[in-house]
Amino acid sequence: MDKVIIVYASLTGNTEEMAELIAEGIRATGATADLKVVDDCNAVILQKYDAFILGTYTWGDGEMPDEFLDFVDEMEELELTGVVTSVFGSGDTTYPSFCGAVDELEEKLQGWGAIIAQESLKVEFGPTMEEKQLCREFGEKMVARLATEMGV
Ligand SMILES: Cc1cc2nc3c(=O)[nH]c(=O)nc-3n(C[C@H](O)[C@H](O)[C@H](O)COP(=O)(O)O)c2cc1C
């Protein structure tokens, strides 16, 4: 059975809500989804999974939250070439860099050679009914891409 981990940072709960819906989508396929708050784990945990998903809100002027900085440093020490991943997050379109932290994480993952399974999912504040469905589909697509990459 495929095992996917979702690691996220969420201050007011919007990104967390997305993470839970994405996990729902993954589980609907029969795969396993574990959810972890970024502060509570070291990036080495990613190595125990077939694929991982990162979720973050955006802070300051399009920046990644401080909670993610150590995790990013730890990821730099890992071999992520060919690992299937994707990124999501919540932001606010009134800021010049909407979901800038999502883009930053995606760029880093690309730089490390990871396979970006699908376009990043960005939502303004909490997900609407329609966006809730997009979150579930995001989880489902992740498992489908994993199956393709593993040649199943
Ligand atoms: C001080 C501050 C700075 C922010 N800067 C940005 C930003 O640059 N870009 C953006 O898209 N959202 C920005 N946001 C909005 C948050 O990312 C947004 O409220 C998000 O929904 C929070 O997600 P969370 O509920 O998971 O913590 C900022 C919010 C605050 C309070």
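Where does Cys 99 sit? Cys 99 is in the loop between S4 and H3; here are some notes on that spot and a few others.

Before the points, some ground rules. This is a predicted model, where local features need pLDDT of at least 70 and side-chain atom pairs count only at pLDDT 80 or more, while totals for chains, interfaces and linings use all residues. Residues are numbered from 1 along each chain as its sequence is written, and side-chain values use heavy atoms, with hydrogens and water left out.

1. Cys 99 has a phi near 55 degrees, a positive value in a residue other than glycine. For context, most residues other than glycine have a negative phi. Cys 99 is also buried, at a relative accessible area of 1% (buried means under 20% relative accessible area, exposed over 50%, and partly exposed in between, with a 1.4 Å probe and protein chains only).

2. Phe 125 also deserves a look: its phi is near 55 degrees, again positive in a residue other than glycine. Phe 125 is in the loop between strand S6 (121-124) and helix H4 (129-149) (helices are DSSP runs of H or I with at least four residues, strands are runs of E with at least two, and both are numbered from the N terminus). Phe 125 is partly exposed, with a relative accessible area of 42%.

3. Glu 106 is worth checking by eye. Glu 106 is found in helix H3 (residues 100-111), and it is buried yet has no salt bridge (a side-chain nitrogen of Lys or Arg within 4 Å of a carboxyl oxygen of Asp or Glu). The nearest side chain of opposite charge is Lys 122, 6.9 Å away (Lys and Arg count as positive, Asp and Glu as negative; His and the chain ends are not counted). Leaving aside neighbours within four places in sequence, Glu 106 is in contact with Val 87, Ile 116 and Ser 120 (contact means heavy atoms within 4.5 Å).

4. What does Lys 122 pair with in a salt bridge? The partner is Asp 103, at 2.8 Å from N to O. Asp 103 lies in helix H3 and Lys 122 in strand S6, so the pair ties together parts that are 19 residues apart in sequence. Asp 103 is partly exposed at 30% relative accessible area, and Lys 122 is partly exposed at 30% too.

5. The structure holds four salt bridges, and another of them joins Glu 17 and Lys 132, with the closest N and O atoms 3.6 Å apart. Glu 17 lies in helix H1 (residues 14-28) and Lys 132 in helix H4, so this pair ties together parts 115 residues apart in sequence. Glu 17 counts as partly exposed at 27% relative accessibility, as does Lys 132 at 23%.

6. Glu 149 forms a salt bridge with Arg 145, the closest N and O atoms being 3.0 Å apart. Both residues lie in helix H4, four residues apart, about one turn of the helix. Glu 149 is partly exposed at 37%, and Arg 145 is partly exposed at 27%.

7. Asn 42 lies in the loop between strand S2 (32-37) and strand S3 (51-56). Asn 42 is partly exposed, with a relative accessible area of 36%. Not counting residues up to four places away in sequence, Asn 42 touches Phe 71 and Glu 74.
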